[in-house]
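Thanks for coming, everyone. Let me put the structure up, and then I'll walk you through it.

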Amino acid sequence: MSALLEVSGVSVSFDGFRAIDNLTFAIGAAELRAVIGPNGAGKTTFMDIVTGKTRPDRGRVVWGETSRDLTALSESRIAQLGIGRKFQRPTVFEDQSVADNLMLALKKDRGPLAVLAFRPSAADRARIADLADEIGLAGALDRKAGELSHGQKQWLEIGMLLAQDPRLLLVDEPAAGMTPAERAHTADLLIEAARTRAVVVVEHDMEFVRRLGCRVTVLHEGSVLAEGSIDRVTSDARVIEVYLGR
Amino acid sequence: MTDAAAPAPRRRPLALRHPSAVVFLALLALFTVGVTLLAEGMGTGAISTSFVKTLGKTLCLCLVALAMDLVWGYCGILSLGHMAFFGIGGYAIGMWLMYARTEIIVVQSLAAQPLPPTPDEIADGIAGQIFGVVGASEFPPIWAFAHSLPLQLAAVVLVPGLLALVFGWLAFRSRVTGVYLSILTQAMTLALALYLFQNDSGLRGNNGLSGLQNLPGLDHVPQATVSLWFFWASAAALALGYLLCLRVVSGKFGSVIRAIRDDEARVRFLGYPVETYKLVVFTLTAVIAGIAGALYYPQAGIVNPAEIAPIASIYLAVWVAIGGRGRLYGAVIGAAAVSLLSTWFTGGQAPDLHLFGVTLRWVDWWTVLLGLSFVAVTLLAPKGLGGLVDLIAARRPPERHGADLGPDQGALREREADR
Ligand SMILES: Nc1ncnc2c1ncn2[C@@H]1O[C@H](COP(=O)(O)OP(=O)(O)OP(=O)(O)O)[C@@H](O)[C@H]1O
Ligand SMILES: [Mg+2]
């Protein structure tokens with residue numbers, strides 16, 4: 001299987017501190033991958049690099065069939081290529097309604113003129129309604145996103161990701177602040193999404209990771225410490241020492 | 001969710017989607033008719049010509065405040081340079097007004113000569129008249145189009161637009177935001193004002209352009225009438241500007257720029273080219289400001305570099321803050337209230353205040369009062385004067401579109417309450 005995203009030999013330092021150190025990572029076009037690791041391991045920084053927020057000092061980030069190097073592109077160009085991202089803190093537009101948030105994310109032409117002329121069609125409205133149903137916010141479409149609970153904001157952000165219909169989804173700690181039932185639902189959604197696209201999930205909750213039932217990559221001090229099935233990595237002596245053992 | 005598959009509901013009429021715009025336009029129309037009926041030019045004369053001009057100028061200030069609200073209140077770019085674009089609009093139209101009127105005077109005075117004047121003689125005559133005050137007698141290149149009204153009208157739009165485009169492109173591309181951007185826009189205004197203050201800038205230095213209230217070839221029309229023409233034009237421009245801004249801030253474009261205001265990084269990750277959006281809004285509002293200035297200065301009669309001083313743009317931000325940013329009528333209310341009050345206080349009409357044996361003269365103390373109001377609004381009532389409208393709106397019963405609440409729905413349903 002050829003990779004959709006290939007990160008090779010990437011390093012980045014902040015004021016001399018190596019947050020990512022010669023990291024190599026690849027994911028296929030329809031694959032679910034969990035990324036775990038202790039605080040400060042570089043998981044969020046890894047996502048920053050892929051999405052263009054942070055420029056790596058060294059290394060390549062190669063995307064898609066055409067093997068484009070993402071390190072030279074702007075954040076918005078990268079997002080337009082089909083990389084969607086959910087942040088660690090829920091970041092929705094609190095001053096706007098749930099429907100507006102979803103409409104903003106909906107996969108459409110992003111240029112100013114197209115947006116100025118945009119009128120939602122019946123199909124667009126139906127898509128928004130379906131998404132809202134899927135994330136349990138069907139009754140809240142007219143509410144301001146700022147009034148939602150923490151968990152609901154997480155949902156809304158996941159809904160926005162799905163509305164973008166990206167080829168690669170980067171999800172940072174999606175289950176934080178959710179009830180056990182909500183976590184189960186989130187895991188199901190992510191598994192479902194990964195049938196047709198690549199999904200990278202960063203998560204601390206091992207229960208959640210186990211439920212995803214996918215390959216796991218363990219990051220430590222900015223590089224890959226171990227990779228494999230959940231049972232293999234959890235029995236790895238080094239992983240236990242730096243992460244699980246504490 | 002039940003009606004997900006149903007066709008999209010028909011768009012509600014504009015009046016229902018934007019009731020505040022309908023109220024605003026109706027009030028503006030009433031105001032315009034009322035002033036016309038009371039003005040010297042056409043009506044009873046209860047309103048003096050100079051006050052008609054003050055009201056017309058106020059409408060232009062409301063228009064530039066709308067632009068400021070669009071760029072700051074909606075898009076989050078605290079530009080402290082928009083009065084520079086306003087001033088440029090005034091200079092652009094002022095050049096034609098001054099040229100064309102001087103040309104008529106020069107041609108008349110040369111007509112007494114035995115030989116008909118050559119075009120060179122006329123041009124020299126005009127240049128001597130206009131640039132005598134700065135000790136020059138030739139037209140600087142910047143006046144190349146001053147003879148043509150259409151070209152100078154084009155300059156009203158193009159010069160502020162191009163300046164904003166170039167400045168914005170440089171600033172936004174380097175991701176200058178927040179207070180740094182504000183400082184940069186102040187630097188731009190200051191540089192422009194200092195340049196215009198120089199006698200060899202070609203725009204008459206600190207004398208500026210004057211006599212702009214006289215329309216070339218229309219000397220027989222009394223100022224009482226001319227003032228009404230400009231008043232109507234200003235009201236029409238404000239109405240059109242309001243509709244344009246409404247179109248921009250409602251719908252998905254408005255959603256995107258408010259999202260940029262609240263979290264621009266997040267908007268980038270959704271794939272929107274944030275810098276392009278900012279540039280579009282910055283340039284559009286600069287053009288609106290230029291048009292407002294082109295209508296303002298013929299009513300003021302004079303435009304000089306002091307009008308472009310950095311403080312003018314700061315006042316503009318203060319008006320919008322006091323009026324309530326992020327809502328269009330807020331900007332209009334703020335600009336109208338503060339600029340009219342300012343005219344009243346600084347015009348010496350306000351009675352002096354005698355406190356504990358000290359006399360407070362408003363001419364001096366008005367700025368202090370304005371500063372204090374600004375601080376008070378920022379700290380205590382961030383919604384500004386426009387927030388008062390919410391109090392009225394909150395008293396109306398929620399619109400239920402004919403549906404009753406149902407037996408077990410006695411309390412307000414949430415989506416109705418915060419509609
Ligand atoms: N912009 C930055 N400037 C300086 N240091 C940074 C920056 N971003 C990240 N770091 C540092 O890089 C290291 C990796 O951070 P990162 O946020 O990627 O960790 P993480 O694996 O996501 O941790 P957590 O599980 O706590 O979210 C941390 O030590 C962090 O302090
Ligand atoms: Mg993190």
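Start at the interface. On the chain A side, 32 residues are in contact with 29 residues of chain B. This is a predicted model, so please keep that in mind throughout.

Which helices of chain A each supply at least two residues of the side that touches chain B? They are α2 (75-81), α3 (98-105), α4 (112-117) and α5 (122-134). Of these, α5(A) gives the most, with six residues. By class, the chain A side of the contact divides into 14 nonpolar, seven polar and eleven charged residues.

Now chain A as a whole. Its secondary structure comes to ten helices and ten strands. The radius of gyration of chain A is 18 Å, and the globule rule gives 18 Å for 246 residues, so chain A is as compact as a globular protein of that length. Along the principal axes, the C-alpha atoms of chain A fill a box of roughly 55 × 40 × 35 Å. Of the 246 residues in chain A, 46% count as buried. Look at contacts in chain A with a separation of 6 or more: residues 24 or more positions apart account for 67% of them.

Next, the core. In soluble globular proteins, nonpolar side chains tend to be buried together. Here, the largest nonpolar core has 187 residues. Which of its residues touch the most other members? Leu102(A), Val64(B), Ala65(B) and Leu66(B) do. Take Leu66(B) from that group. Leave aside its neighbours within four places in sequence, and Leu66(B) is in contact with Gly241(B), Tyr242(B), Cys245(B), Ile288(B), Leu328(B), Ala331(B) and Val332(B).

On to ligand 1. The residues around ligand 1 are Phe14(A), Ala19(A), Gly37(A), Asn39(A), Gly40(A), Ala41(A), Gly42(A), Lys43(A), Thr44(A), Thr45(A) and Gln88(A). Which element gives the largest share of that shell? Helix α1 of chain A, residues 43-50, with three residues. The shell divides into three nonpolar residues, seven polar and one charged.

Last, confidence. Chain A averages a pLDDT of 92, and 99% of the residues score at least 70. Among the elements of chain A, α3(A) has the highest mean pLDDT, 96. The lowest mean, 84, belongs to helix α10 of chain A, residues 237-244.

That's what I have. Over to you for discussion.

Notes. Residues numbered from 1 in each chain as written. Chains lettered and ligands numbered in written order. Predicted model: local features only at pLDDT ≥ 70, side-chain atom pairs only at ≥ 80, totals over all residues. Contact = placed C-beta atoms within 7 Å. Helix = DSSP H or I, 4+ residues; strand = E, 2+ residues; numbered from the N terminus. Nonpolar A, V, L, I, M, F, W, Y, C, P; charged D, E, K, R; others polar. Rg over C-alpha atoms; globule rule 2.2 N^0.38 Å. Buried ≥ 20, exposed ≤ 12 C-beta atoms within 10 Å, placed from the backbone. Core = buried A, V, L, I, M, F, W, Y, C linked by C-beta atoms within 7 Å. Near = placed C-beta within 6 Å. pLDDT = per-residue confidence, 0-100.
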